[in-house]
Amino acid sequence: MDILVLSDSHGAVAPMIRAVELTAPNLIIHLGDCWRDGERLHTHFPDIPLEQVPGNCDFRPTEPAERLLVLRDKRILLCHGHTYGVKQSLVTAGFAAEEQQLDLFLFGHTHKPLVDRRGRTLFLNPGSIGDSTRPSYAVVTIQGGQLDGRTVWLA
C-alpha cells in the first residue's frame, strides 16, 4: 500500500495533482492548511480515497483536529501539528505517540520535511506542497508488515 501525504497546500492544487500522477497512491492524506484544496484534488482523482484533517488556517469547527487510522495493523495519527506545538519541539507529539502506541505520527505545520524514527514510532512531516520555491510531499509504504516513509522534493 502506497500513501501520498500532503500538507500546507495553501491554494496550490496543481502541485498536488502532479504528486498524485508521480506516485499513483492507494490513499491520499492531506494534513491541513487548505481543506478546500483536498476537496479539489479529490474531484480530479475520485477513485483514490482521501483522508484529511484541518489545519490552523482552516475554519472547520465540526471536523476533528486529528484522526487515528488503522491500516494493515499500523496505528497512524493524522494531525496538522499546531495542537502539539511541533514548531517548538516533538516532545508533546512523542508523549502522544507513546500513549496511543502509534506506528506513524503524521503532521505538517512547519513547512519543513522531516522523517524521524523514535522508538516504535515514525514521525513524518511532508513539508509544504504549496511552497512556491521548493514544494515537497511524502510517501508512506506499508508492505509485508513493515511501514516506511520518505519525503520527496517535487521537481
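Which residues are buried in helix H2 (residues 35-44)? In this predicted model, in which local features need pLDDT of at least 70, side-chain atom pairs count only at pLDDT 80 or more, and totals for chains, interfaces and linings use all residues, the buried residues of H2 are Trp 35, Asp 37, Gly 38 and Leu 41, where buried means under 20% relative accessible area, exposed over 50% and partly exposed in between (1.4 Å probe, protein chains only). Residues are numbered from 1 along each chain as its sequence is written, and side-chain values use heavy atoms, with hydrogens and water left out.

Seen down the axis of H2, the buried residues fall within an arc of 155°, so they line one face of the helix; the arc is that of the directions from the helix axis to the C-beta atoms. These buried residues pack against strand E1 (2-6), helix H1 (13-23), strand E2 (27-30) and strand E3 (50-52), contact being defined as heavy atoms within 4.5 Å. The face of H2 turned away from its buried side carries the exposed residues Arg 36 and Thr 43.

In H1, the buried residues are Val 13, Met 16, Ile 17, Ala 19, Val 20 and Thr 23. Viewed down the axis of H1, they fall within an arc of 160°, so they line one face of that helix, and their cover includes E1, E2, H2 and strand E9 (136-143). Just after H1, Ala 24 takes a positive phi of about 45°. Helix H3 (residues 91-99) includes Val 91, which is partly exposed, with a relative accessible area of 49%. The C-alpha atoms of Val 91 and Arg 36, 55 residues apart along the chain, are separated by 30 Å.

The protein as a whole has 3 helices and 10 strands, arranged along the sequence in the pattern β-α-β-α-β-β-β-α-β-β-β-β-β; helices (H or I, at least four residues) and strands (E, at least two) are DSSP runs, numbered from the N terminus. For 155 residues, a compact globule would have a radius of gyration near 15 Å, and the 14 Å of the protein agrees with this, the radius being taken over C-alpha atoms and the globule rule being 2.2 Å times the number of residues to the power 0.38. The C-alpha atoms fill a box of roughly 35 × 35 × 30 Å, taken along the principal axes. Of the 155 residues, 50% count as buried, and among contacts between residues at least 6 apart in sequence, 51% join residues at least 24 apart.
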